[in-house]
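Here are a few friendly notes to read alongside the model.

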Amino acid sequence: MDDGLTSCSTENETSSLVKNAQGMLATANLRLHKVVSNSVAVMEAIPAEDRAKSIKDLDLRHDVLPAQRSLGVHWDIEKDHFTFHVSLSEKAFTRRGVLSTINSVYDPLGLASPVVLEGKLILQQLIVMGKKANNDNPLSWDDPLPEIMNQHWHRWRDVLHDLEKVSIPPCYHRGGFGNIERREIHAFSDASKEAIGTAVYLREVDGGGEISVSFLYGRSKIAPVHSTSIPRLELCSAVLTTQAVKMIRKELDVEVNEEIYYSDSKVVLGYIQNESRRFYVYVANCVQTIHNATDPHR
């Protein structure tokens, strides 16, 4: 049995959910324990032996609550924020060492995507330089890489610790927000000669007309080494955006009234809205993927 993560509107509802879940699982001889909550009242309602190991012996009213790992993401219980914990061991300046460092930043929501993207671009350059260094015998995973990129790599690697200063509230709307009357997903796509990316936001409107906008998901991919036109990369970015929204809609358990997509590429918008012209197979497949997930006429 792995970890589970949920949230409730009130402390009483949370306490009841935990106790009911424990009782139900107990009928199958399964013990639900290692419980953590950002509410002291909820934690006090849970027996000490069922709390997470790091807070079993703490004075919940006075001691500082330690950060917890929640489904791989670090959760600062004291501030109720998601954050990053960067643990970098010395890795050799090789393809294997560089890749290991990049993958050490676990970021399933894409919160640090712009930072990780630079590391991926450095790795791509190193691979290309390694191939050019010896065309007959390219550098392997554990061969030393060209020293000309060593300073660039270490400069990026050293700033990774600054991610620990970043904190993201897990709730999609601020405290005191009223009953939500409308929800919209706003998805942005963009591309450059180096990478493509998407950023998806949730816009909520309450009964009093107050608006809350929160970041949902981000993703980026490096562009291929071989020459590719910007319009084609912009089209790839639009496809990436529709795929991201499709995934988000499966995970959100709330009603979304509208999806709105943004692209600053007139070529891509022309591709999507043109139904009379026949495109090359690659472009046609991308456009069809977008049409299957969106309504371009709205």
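This is a predicted model: local features need pLDDT of at least 70, side-chain atom pairs count only at pLDDT 80 or more; totals for chains, interfaces and linings use all residues.

1. Strand 8 gives the second largest pocket six of its lining residues, the largest share.

2. Residues are numbered from 1 along each chain as its sequence is written, and side-chain values use heavy atoms, leaving out hydrogens and water.

3. The volume of the second largest pocket is about 430 Å³. Of the 20 residues lining this pocket, I260, Y261, T294, D295 and P296 are the closest to its centre. A pocket here is an open set of points on a 1 Å grid over the protein atoms alone, where a 1.4 Å probe fits, with protein on both sides within 12 Å along at least five of seven lines; lining residues have an atom within 4 Å of a point. The volume is the space filled by probe spheres set on the points, which are joined across faces, edges and corners.

4. The pocket lining has ten nonpolar, six polar and four charged residues. Ala, Val, Leu, Ile, Met, Phe, Trp, Tyr, Cys and Pro count as nonpolar, Asp, Glu, Lys and Arg as charged, and the others, Gly among them, as polar.

5. Helix 6 and helix 8 pack with their axes 9 Å apart, at an angle of about 30°. Axes are lines fitted to C-alpha atoms over the stretch in contact, and angles run from 0 to 180 degrees between N-to-C directions. The two helices, helix 6 and helix 8, are therefore roughly parallel (angles under 35 degrees).

6. Helix 3 (residues 95–103) and helix 5 (residues 150–158) pack at about 20°, their axes 12 Å apart. Helix 3 and helix 5 are therefore roughly parallel too.

Definitions and conventions:
Helices (H or I, at least four residues) and strands (E, at least two) are DSSP runs, numbered from the N terminus. Angles under 35 degrees count as roughly parallel, over 145 as roughly antiparallel, 65 to 115 as roughly perpendicular and the rest as oblique.
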